[in-house]
Amino acid sequence: MKFIKQGSAIALGLVISACGGGGSSDTGGSGAEGASLSNASSCYNPQRGQVGTTVTYDYAIRSVSTLPSEEEKSLDDAEWRYYGYHIINESIVSYSGNDGVIQSLSLYRYFDGDGNFTSQEENGFFEYTQYDDDERSQTHFGYKQEIGSRTYEEQYLPSGWKMSYDVDEGNEISLDSITTRYFIDGVGQSDTTVDVAMKFIGKESITLNGTVYQTCKFEEKTVTTTPDFTSETTYVSYVGEGNGITLMSTRFREWDDGETYRSVRQITGASINGEPI
């Protein structure tokens, strides 16, 4: 089984996809109603880029992987699994040659099979993100985690993985090829090339757990190339207006050997600075 990319993060977590950056028809039973011509700026939250901000979000996810020799599996047959993160914006640092970068600590949250919270880890990993309130964008530069005496790191080169919100409905943004470089104790291990095209589909209301949310709907298409394989992914996300949190997402990924992965994920609870969204 190949490593499954979850959201825009490849190695250390699901944080990028939860912060906003997938076929969109498979929404796990959650309806998407209505749309209007619009700009996605209202789904950018400047509070996310402030030192001291804390964000907690919990998700339910179900997924299936199908090998080339198997018949395509249905998400309807997959069980829901639950997880979350508590994120603390700790400080402003320089990272990978970039100034004004927020260093945030992400702590994994555990749940039982019924979706009940059980515990939160004490030691997590660091994420490095730069926010531009004028441009209404956020750029992710990488992750770092210490496990025992070793330091594991992932960087997005040469200039990060950028998510722009000042974009009109129907417009597509193509990013330059991103090189994802992995390090162990500061020594580069391997590179992965990712070509990204992001499109703002429009604004939609979605209903989750009986609550209606106003969202910006994005579609991200990526082509990932490594020495061992090539894959294509379509990730559709619904980012909440005013909070900048991905409330629902779907993903479909296919490798060059025919293996596939699909998932649907939806928010079960979230707060910013202790206030529920």
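**Note on rings, disulfide and cavity in a predicted model**

1. Phe-111 lies in strand E4, where strands (E, at least two residues) and helices (H or I, at least four) are DSSP runs numbered from the N terminus. At 18% relative accessibility the residue counts as buried; buried means under 20% relative accessible area, exposed over 50%, and partly exposed in between, with a 1.4 Å probe and protein chains only. Phe-111 and Ala-60 are separated by 51 residues in sequence and by 9.9 Å in space, C-alpha to C-alpha.

2. On the basis of the values: this is a predicted model, in which local features need pLDDT of at least 70, side-chain atom pairs count only at pLDDT 80 or more, and totals for chains, interfaces and linings use all residues. Residues are numbered from 1 along each chain as its sequence is written, and side-chain values use heavy atoms, with hydrogens and water left out.

3. The structure holds 17 aromatic pairs. Rings of Phe, Tyr and Trp (its six-membered ring) pair if their centres lie within 6.5 Å; planes under 30 degrees apart count as stacked, over 60 as edge-to-face and the rest as tilted. Tyr-156 and Trp-161 make an edge-to-face pair, at 5.5 Å centre to centre and 70° between the planes. Tyr-156 is buried, with a relative accessible area of 1%, and Trp-161 is buried at 2%.

4. A tilted pair is formed by Phe-200 and Phe-218, with 5.4 Å between centres and 40° between the planes. This pair links distant parts of the chain, 18 residues apart: Phe-200 belongs to strand E12 (residues 187-208) and Phe-218 to strand E13 (residues 211-225). Phe-200 is buried at 1% relative accessibility, and Phe-218 is buried at 0%.

5. One aromatic cluster is formed by Tyr-57, Tyr-59, Tyr-83, Tyr-85, Tyr-108, Tyr-110, Phe-125, Tyr-143, Tyr-156 and Trp-161. The ring of Tyr-59 also has the charged end of Arg-265 over it, 4.2 Å from its centre. The charged end of Arg-109 sits over the ring of Phe-117, 4.2 Å from the ring centre. A charge sits over a ring if NZ of Lys or CZ of Arg is within 6 Å of the ring centre and within 35 degrees of the ring normal.

6. The structure holds one disulfide, a term for a pair of cysteine sulfur atoms within 2.5 Å. Cys-43 and Cys-216 form this link, their sulfur atoms 2.2 Å apart, and with 85° about the S-S bond it is right-handed. Cys-43 lies in the loop between strand E1 (32-36) and strand E2 (54-66), and Cys-216 in strand E13, so the pair ties together parts that are 173 residues apart in sequence. Both Cys-43 and Cys-216 are buried.

7. The largest cavity holds about 80 Å³ of space. On a 1 Å grid over the protein atoms alone, a cavity is a set of points where a 1.4 Å probe fits but cannot get out, and lining residues have an atom within 4 Å of a point. Of the 13 lining residues, the closest to the centre are Arg-48, Ile-87, Asn-89, Ser-104 and Tyr-131. E2, strand E3 (81-95), strand E4 (98-111) and strand E6 (125-132) each supply at least two residues of this lining.

8. Ile-184 is found in strand E11 (residues 178-184) and is partly exposed, with a relative accessible area of 25%. Ile-184 and Glu-146 are 38 residues apart in sequence and 9.8 Å apart in space, C-alpha to C-alpha.

Key
1 Å grid on protein atoms, 1.4 Å probe; cavity = no way out; pocket = protein on both sides within 12 Å on 5 of 7 lines; lining within 4 Å. Points joined across faces, edges and corners; volume = space filled by probe spheres on them.
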